[in-house]
Amino acid sequence: MDVPPVHPGRLSDELLVLQGDHRSAYVWEGELLEQTLHARRVDDLWDFMRGRVFHPRVVQRLRDIGFYRIFEIGRLQLDWSLITALIERWRPEMHTFHLPIGEATIMLQDIEVLYGLPGDGLAIALPQYMRSMLRDQYLDLLQQFTGFRPQAETAALGASRMALTAIRQHLEILHPDITGETDDLHIHRYTRLVLLLLFGGVLFPNTSGNLVSLQFLHHLQQLDDLPQYSWGAVVLAYLYRNMCRASMGTQSDVCGFLPLLQFGPGSGSYRCSHLYHHYLQM
């Protein structure tokens, strides 16, 4: 009995037009078989949290603005083999995973249910005037809203990026002074610094591994306004973009809010927990 040949790839070129440089094409040719994608370690937030507990006033502030659930869940141990396998099946043309069981993807509902980040709300955009700001202007803005201005020249890179380590070290100095008698101004400044660690180290990490954009300060000016923005949408869009980049060519690193690729059974999301079960059975 003749067995028909197995077709490993697409049946048509009409949609998957990027296959020639897709990671799966290299794997099929015997390349990248031993290469597992990784992200540079970004541990400043979790290093700061180790052995420290937020004061109840800070906890309430983080709850009010909608980010505290991420701190409650904490750091997850990532399975890089699973993440690599998923990205090898991620299609930039469609923003879906192509699996033997069909197509699957991560939805706005997933990030809202799991992490409480809203998918609806105001668009998160940068004002035009900030695009041309100089380094000293960003540092002035940082000092105005957080009371912190790094002295070391190496703490800032380029016009608008800053090392997370410098922020963490400053928070370590501030943390013991946060009490029930602390002025609201200092609570707000402390909270903004914590959010910069969260944005740069967890929600929007980049392949540099240790930098955060000070452009986020635009949205941190008024903490009470933060719940009005669609943070879930921008976090998901950032992850999509970085998975698209990692799925092409011979990339060795990946960034974005990667825990979204790895929640398991009981997470509340049928689409992704079903996908998780599929890879546990491979």
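Which backbone nitrogen lies 3.2 Å from a polar atom of the side chain of Thr146? The nitrogen is that of Phe148, and a few notes around this spot follow.

1. First, the ground rules. This is a predicted model, in which local features need pLDDT of at least 70 and side-chain atom pairs count only at pLDDT 80 or more, while totals for chains, interfaces and linings use all residues. Residues are numbered from 1 along each chain as its sequence is written, and side-chain values use heavy atoms, with hydrogens and water left out.

2. Thr146 lies in helix H7 (helices are DSSP runs of H or I with at least four residues, strands are runs of E with at least two, both numbered from the N terminus). Thr146 is buried, at 3% relative accessible area (buried means under 20%, exposed over 50%, partly exposed in between, with a 1.4 Å probe and protein chains only). Besides the Phe148 nitrogen, the Thr146 side chain reaches the backbone oxygen of Leu142 at 2.6 Å.

3. Thr146 also looks across to another helix. Setting aside neighbours within four places in sequence, Thr146 is in contact with Arg189, Arg192 and Leu193 (contact means heavy atoms within 4.5 Å).

4. How do the two helices cross? The axes of H7 (residues 135-146) and H9 (residues 184-203) come within 8 Å, at a crossing angle of roughly 130 degrees. Axes here are lines fitted to C-alpha atoms, for helices over the stretch in contact, and angles run from 0 to 180 degrees between N-to-C directions. H7 and H9 are therefore oblique to each other (under 35 degrees is roughly parallel, over 145 roughly antiparallel, 65 to 115 roughly perpendicular, the rest oblique).

5. In helix H3 (residues 56-65), the buried residues are Val58, Val59, Arg61, Leu62 and Ile65. Seen down the H3 axis they fall within an arc of 160 degrees, so they line one face of the helix; the arc is that of the directions from the axis to the C-beta atoms. The buried residues of H3 pack against helix H4 (68-73) and H9. After H3 comes Gly66, with a positive phi near 90 degrees.

6. Leu32, in the loop between H1 (23-28) and H2 (44-49), has phi near 65 degrees and is buried at 14%. His95, in the loop between strands S1 (90-91) and S2 (96-99), has a positive phi of about 60 degrees and counts as partly exposed at 31%.

Technical notes:
Polar contact = N/O pair within 3.5 Å; in protein donor to acceptor, adjacent residues only side chain to side chain.
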